[in-house]
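Colleague: Could you take me closely through the surroundings of the ligand, and say what can be read from them?

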Amino acid sequence: MDFQTLRWKGGVDGCLCLIDQTRLPVEFVEIECHEVDQVWHAIRTLQVRGAPAIGIAAAYGVCLSLRGASGRVEQLIARLDAAAERLAGSRPTAVNLFWALQRMQKAARRLGDLPASQWREAVLAEAHAICEEDGRMCRAIGRHGAKLLADGTAVLTHCNAGGLATGDYGTALALIYAAVEQGKKISVFADETRPLLQGARLTAWELHRRGVPVTLICDSMAAVVMRQRRVSAVIVGADRIAANGDTANKIGTYGLAVLARAHQVPFYVAAPTSTFDLTIASGEMIPIEQRDEQEVTQWGARRIAPEGIGVFNPAFDVTPAELISAIVTENGVIQPVGEAAVRAVCGPQNGGVS
Ligand code: MRU
């Protein structure tokens, strides 16, 4: 990719640099986080967003709690645990956040009694490993999923599950990038994705930047786009996938899956195994983030709805497994979607939180 969604700058006392996604596409601005609270704020306000990217940011956020720290390993672990607890409260739905934090905590405990500087180096190395693995997983998702896209396919996607939502390359958009790299002609319809417009601002930006033909539509236009056979596949990312394959993703995804079924369009989910939560049986148990009502009642800084009305603003919805044609992971394609196939592809060691 020709941009880096997030990166660690410097050595063990370095900082986390993020593209501020709230300012795209008008401004391309990188921000530096030097404190855990800055990372918490960046995740909470969607300066960094998308399930895998949130996980990577949190892993590096934990490292920030150790800047300049000395002392015994138990004291360092206490600092790291406090940071993990703080970051875990930033957003509730994307399981990659909790997966990455748990992985950092487990890795820190495995290190044993090292001098503080060596111990901190090793903790940072674990965060780098999470970031690098993400890049490899996204490319593997692209390789497996590109087989589902014939030359000439037009795809509908929702929200942003591209390079901006991961360390690199994306999940849903990885299928498209990989197919294009194989020489196939692929075009994309991008839902604008109300209320925060990740489709219009971010997906359209990164596809256009990479030379993939993209047509922007309002969310309400998806039905007619399918009815007129303008697309032959829907591909979305995921924030948390339950053991039975039920999938939480950006609000509006469930509606798209219903529409896709009604119009016999295949509906694909693309996600790394770190997005699976095998501790929960079905999507009913996935916590859904409720966000500020101003995201719905305001257009930018301008109020667009009367004062005093009720507002419902869930950030995500759950698509039942029976509406999903296949889930593409770095380990292969789950098709048909069901618990046995999910567990087989995730394996005993993989699969979100434990
Ligand atoms: O609220 P957001 O922008 O973090 O929501 C992001 C999504 O819903 C993405 O589709 C999902 O995280 C998959 S990202 C590869």
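Modeller: A polar contact here is a pair of N or O atoms within 3.5 Å; within protein, one must be able to donate a hydrogen and the other to accept it, and residues adjacent in sequence count only if both atoms are side-chain atoms. This is a predicted model, in which local features need pLDDT of at least 70 and side-chain atom pairs count only at pLDDT 80 or more, while totals for chains, interfaces and linings use all residues. Residues are numbered from 1 along each chain as its sequence is written, and side-chain values use heavy atoms, with hydrogens and water left out.

In the side chain of Lys250, an N or O atom lies 2.7 Å from an oxygen atom of the ligand; for Asn249 the corresponding distance to a ligand oxygen atom is 2.6 Å, and a polar side-chain atom of Gln198 is 2.9 Å from an oxygen atom of the ligand. On its own the ligand has 410 Å² of accessible area (Shrake-Rupley method, 1.4 Å probe), and the protein covers 100% of it.

The shell around the ligand holds 18 residues, counted when one of their heavy atoms lies within 4 Å of it, and the closest are Arg49, Arg91, Asp239, Asn249 and Lys250. By class, eight residues of this shell are nonpolar, six polar and four charged, where Gly counts as polar and Asp, Glu, Lys and Arg count as charged. Helix H2 (51–64) and strand S9 (247–250) each contribute at least two residues to the shell; helices (H or I, at least four residues) and strands (E, at least two) are DSSP runs, numbered from the N terminus.
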